[in-house]
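User: I'd like to go through this model and check what each label rests on. Can you take me through it?

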Amino acid sequence: MFRFSFPWAVLASIHPVSLRKKVIVPVARNSILILYAHPSQGRSEVNQEMVHDVEGTAGVTLIDLYAEYPTFEIDIDREQGRLRSHDIIVFQFPLYWYSTPSILKEWQDLVLEYGFAYGSDGTALHGKVFLTAITTGGAEDAYSHEGYNHFPLRHLLSPLEQTANLCGMTYLPPFVLYGSRTAREHNHVAAHADRWVHVLDLLKADRLNLAKAAMAPTLNDALETEGL
Ligand SMILES: Cc1cc2nc3c(=O)[nH]c(=O)nc-3n(C[C@H](O)[C@H](O)[C@H](O)COP(=O)(O)O)c2cc1C
């Protein structure tokens, strides 16, 4: 049978602090793995800038899945090794048909094996944090019950949320840029990319209240509520 772990137990184990001369110092030990999936990077206006700003950042491993696996022959052992050696797993992608681009589905189907990611012995991902960084063509108000997409973004991503839950990971809501096709003309791209670097810094330094963030509709909302 599947084995579940509850986020609160997980959260308790991922807030390390070190005590030195009576000062509490947050330890930046949360390594981040970004699995980036964008099949037409030549036309990207937002994701490529986010990638550009993050590349080379200490503590962040950035994997371009389409570049690494142009024929979709995913190296399962290599991917599982990457997951084992990081604390925070990120899927970064443009929303395609209310879901991930196809390579990320293939990646999940192959890499999240029984006995590794789930099942009674499948505990490799327990205690890790999972989040998505997403751009959408649709505007924010389209992603509501009243809007033309009928569902909030977090709701549409529920298969990813439940996958993270089943694998014993703490799920955080998406860090999102809505209306990405007009973001450049509205000068929103650089600010969003800066914000993304800030989010990664907060996660690395354990400065985000994960329990609170996990409840928010988007990570952007959580940051705003927390004044971060
Ligand atoms: C095949 C395809 C499917 C798409 N599906 C959606 C969708 O379901 N919802 C949405 O809001 N935008 C959708 N879009 C728009 C993309 O999300 C948008 O072009 C992307 O977020 C822009 O990011 P970029 O500048 O990094 O390429 C789709 C685009 C393509 C090419």
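Analyst: The protein chain comes to ten helices and eight strands, where helices (H or I, at least four residues) and strands (E, at least two) are DSSP runs numbered from the N terminus. Mind that this is a predicted model: local features need pLDDT of at least 70, side-chain atom pairs count only at pLDDT 80 or more, and totals for chains, interfaces and linings use all residues. Residues are numbered from 1 along each chain as its sequence is written.

User: What is the mean pLDDT of the protein chain, and where does pLDDT stay under 50?

Analyst: pLDDT is the predictor's confidence in each residue, from 0 to 100. The protein chain has a mean of 91, with 88% of its residues at 70 or more. Over residues 1-22, though, pLDDT is below 50, and the model gives that stretch 30 contacts beyond near neighbours in sequence. Residues 24-28 also stay under 50. Where pLDDT is low, the predicted coordinates should not be read in detail.

User: What makes Ala58 exposed rather than buried?

Analyst: Go by the count of other C-beta atoms, placed from the backbone, within 10 Å of a residue's own: 20 or more is buried, 12 or fewer is exposed, and in between is partly exposed. Ala58 has 7 such neighbours, so it counts as exposed. Its place is in the loop between helix 2 and strand 4. Ala58 and Asp201 are 143 residues apart in sequence but 9.8 Å apart in space, C-alpha to C-alpha.

User: And how do you know whether His150 is buried or exposed?

Analyst: His150 has 12 other C-beta atoms within 10 Å, and the exposed class is 12 or fewer, so it is exposed. His150 lies in the loop between strand 6 and helix 6. Its phi is near 70 degrees, a positive value in a residue other than glycine. Most residues other than glycine have a negative phi.

User: Why are the buried residues of helix 5 said to line one face?

Analyst: The buried residues there include Ile103, Leu104 and Trp107. Seen down the axis of helix 5, the buried residues fall within an arc of 100 degrees, so they line one face; the arc is that of the directions from the helix axis to the C-beta atoms. Strand 3, helix 3, helix 4 and strand 5 are among what covers them.

User: What puts the buried residues of helix 2 on the same side?

Analyst: Those are Asn47, Met50 and Val54. They cover an arc of only 60 degrees around the axis, which puts them on the same side of helix 2. They pack against strand 3, strand 4, strand 5, strand 6 and helix 8.

User: What makes something a nonpolar core, and which residues touch the most other members of the largest one?

Analyst: A nonpolar core is a set of buried Ala, Val, Leu, Ile, Met, Phe, Trp, Tyr and Cys residues joined through C-beta atoms within 7 Å. The largest has 50 residues, and Leu35, Val90 and Trp196 touch the most other members. Helix 8 gives the most to this core, with six residues.

User: Which residues is Trp196 in contact with?

Analyst: Contact means that C-beta atoms, placed from the backbone, lie within 7 Å. Leaving aside neighbours within four places in sequence, Trp196 is in contact with Met50, Asp53, Val54, Ala133 and Phe175.

Technical notes. Contact = placed C-beta atoms within 7 Å.
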